[in-house]
Amino acid sequence: MINIKNLHKSFGDLEVLKGIDLEVEQGKVIVLIGPSGSGKTTFLRCLNLLEVPTDGTIEIDQKLMEFKKTVSKRSITSFRSLTGMVFQNYNLFPHKTAVENVMEGPIIVKNIPKQKAKETAKALLTKVGLGDKVDFYPFQLSGGQQQRVGIARALAMEPKVMLFDEPTSALDPELVGDVLQVMKDLAKEERMTMVVVTHEMRFARDVADEVIFMDEGKIMERGTPEQIFTNPKEERTRRFLNMIQ
Amino acid sequence: MVRTQKSPKNGLVKMFLLSNIFSDPERMNQLVSIAQTSLYPMVEGAIKYTIPLTLITFVLGLILAVLTALARLSSIKILQIIARVYVSIIRGTPLLVQLFIIFYGLPNLGITLNPFISAIIGFSLSVGAYASEIIRAAILSIPKGQWEAGYSIGMTYTQALKRIVLPQAARVSIPPLSNTFISLLKDTSLASLILVAEMFRKAQEIAAKNYEFLLLYIEAGAIYWIMCTVLSIIQGRIEDKLNRYVAK
Ligand SMILES: Nc1ncnc2c1ncn2[C@@H]1O[C@H](COP(=O)(O)OP(=O)(O)OP(=O)(O)O)[C@@H](O)[C@H]1O
Ligand SMILES: [Mg+2]
């Protein structure tokens with residue numbers, strides 16, 4: 001489903017991603033961990049092309065992007081539609097209700113008739129447990145509810161891959177569970193291919209097919225959750241896990 | 001020197017005379033009647049010129065302002081420069097001078113415009129420059145995450161701008177833009193100096209005939225004040241409406 005080769009990203013002189021290779025099969029869930037500044041967010045943003053990589057290739061759903069040459073805006077927009085992004089701080093549209101947030105993409109980008117888009121949006125909101133909150137504005141929702149609207153908004157565009165950047169790290173602890181549950185259902189029931197940056201170890205153990213430890217812009221170690229959490233090979237992985245546990 | 005020393009006493013005398021106006025029923029009636037008969041031409045001036053001039057120039061100015069703000073924010077250098085120079089010139093010169101250049105100056109180049117058209121051009125350019133700074137600041141105040149959320153659901157720059165950023169920027173810029181609008185309404189009185197027959201020019205014309213300067217200029221001021229008060233009330237309503245999606 002995803003095939004990344006030799007991905008590089010620099011901001012000016014600062015090289016943040018130093019050659020990343022990764023393959024993800026259809027329906028798999030990858031959890032990405034690593035210290036602050038290691039490039040996890042940058043990596044996800046490169047998959048969504050919110051940052052354009054400086055070198056390497058990304059293939060998603062048999063569509064290939066090469067970054068050696070400059071890429072056109074149009075190809076960025078169409079490639080971006082393969083992935084859905086869930087942001088750490090939700091980034092809901094504050095001037096639109098929950099259902100309007102979810103409808104916006106289908107109506108404006110996909111030209112789906114408003115009434116149909118609304119039905120689909122309501123169904124999606126019901127699926128993430130917010131069937132009774134469709135007409136609420138973001139400020140009337142808790143962080144956990146907002147984040148679930150964010151997930152529904154991304155799903156409404158029917159992406160092939162969902163990207164999550166620390167989706168629960170801005171939430172009060174008691175609100176984390178609902179969001180993780182929605183993500184778990186998405187993985188187990190819909191067999192959605194997902195790349196998740198999170199330090200929720202329980203989620204990783206329960207849901208991830210593979211855990212990847214990133215450090216200084218490189219993949220340091222990868223393996224099953226069991227392998228990484230109980231028996232990491234690299235010293236640095238061990239140190240990092242000790243630190244966060 | 002001597003005069004200023006005496007002035008407190010002078011003031012008292014004047015106040016006495018003023019109070020005399022109120023105690024002199026005949027003079028009182030005369031003033032009321034002048035105020036009444038001049039009200040019609042002044043309101044006519046307001047309806048035919050002041051209000052249309054304000055509305056038309058505000059709309060044209062806003063369009064110009066949005067374009068200027070977008071030019072300033074664009075990545076195309078030449079657009080940025082044009083926008084900067086335009087804003088700098090308009091903000092750095094008096095509106096009255098701009099109006100004089102357009103109305104009295106351009107004929108030297110063979111471009112003769114009628115007073116109303118000159119006023120529309122002058123005021124639109126002015127509103128365009130001032131409002132562009134307001135709109136630019138409002139656009140910049142919208143978090144980058146809003147653009148990115150738009151992009152992430154597949155929007156283009158134009159779609160994200162129109163659907164996500166501008167509506168939010170509009171909310172932010174409504175209070176300062178309302179102030180621009182109210183200032184514009186008052187500034188249209190400057191158009192009297194390029195012969196537009198708006199309300200204040202009507203007041204000047206009537207006063208030139210009957211010498212009741214104080215009365216007529218106060219009357220003109222009162223009409224401006226009433227219009228501005230109505231605008232402030234409307235402004236409040238609009239702000240309430242736009243605030244509906246923000247935590248109280
Ligand atoms: N737009 C940018 N311009 C310049 N430098 C950037 C930019 N975005 C990220 N960086 C730098 O890239 C490095 C990696 O940042 P990134 O946000 O990807 O790390 P992260 O692993 O997500 O960290 P965290 O766990 O704190 O979220 C950091 O040193 C950061 O300062
Ligand atoms: Mg991050």
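The model is predicted: local features need pLDDT of at least 70, side-chain atom pairs count only at pLDDT 80 or more, and totals for chains, interfaces and linings use all residues. Residues are numbered from 1 along each chain as its sequence is written, chains are lettered from A and ligands numbered from 1 in the order in which they are written, and side-chain values use heavy atoms, with hydrogens and water left out.

**The interface**

Chain A brings 22 residues to the contact and chain B brings 21 residues, where contact means heavy atoms within 4.5 Å. The area buried between the two chains is about 2000 Å², with 62% of it from carbon and sulfur atoms; buried area is the accessible area (1.4 Å probe) that two parts lose on being put together, summed over both.

Across this interface there are 2 salt bridges, each defined as a side-chain nitrogen of Lys or Arg within 4 Å of a carboxyl oxygen of Asp or Glu. One salt bridge joins the side chains of A:Glu104 and B:Arg163, at 2.6 Å from N to O.

On the side of chain A that touches chain B, two or more residues come from each of helix H2 (73-80), strand E6 (83-86) and helix H3 (98-108) of chain A. H3(A) gives the most, with 3 residues. Helices (H or I, at least four residues) and strands (E, at least two) are DSSP runs, numbered from the N terminus.

**Cavity and pocket**

On a 1 Å grid over the protein atoms alone, a cavity is a set of points where a 1.4 Å probe fits but cannot get out, and a pocket is an open set with protein on both sides within 12 Å along at least five of seven lines; lining residues have an atom within 4 Å of a point. Grid points are joined across faces, edges and corners, and a volume is the space filled by probe spheres set on the points.

| Space | Volume |
|---|---|
| Largest cavity | about 30 Å³ |
| Largest pocket | about 590 Å³ |

The whole structure holds 1 cavity of 30 Å³ or more. Its lining consists of A:Arg80, A:Ser81, A:Thr83, A:Met157, B:Ser152, B:Ile153 and B:Gly154.

The largest pocket is lined by 21 residues, and A:Lys73, A:Arg80, B:Trp147, B:Tyr151 and B:Tyr157 lie nearest its centre. At least two lining residues come from each of H2 of chain A and helix H6 (144-152) and helix H7 (157-187) of chain B. H2(A) gives the most to this lining, with 5 residues.
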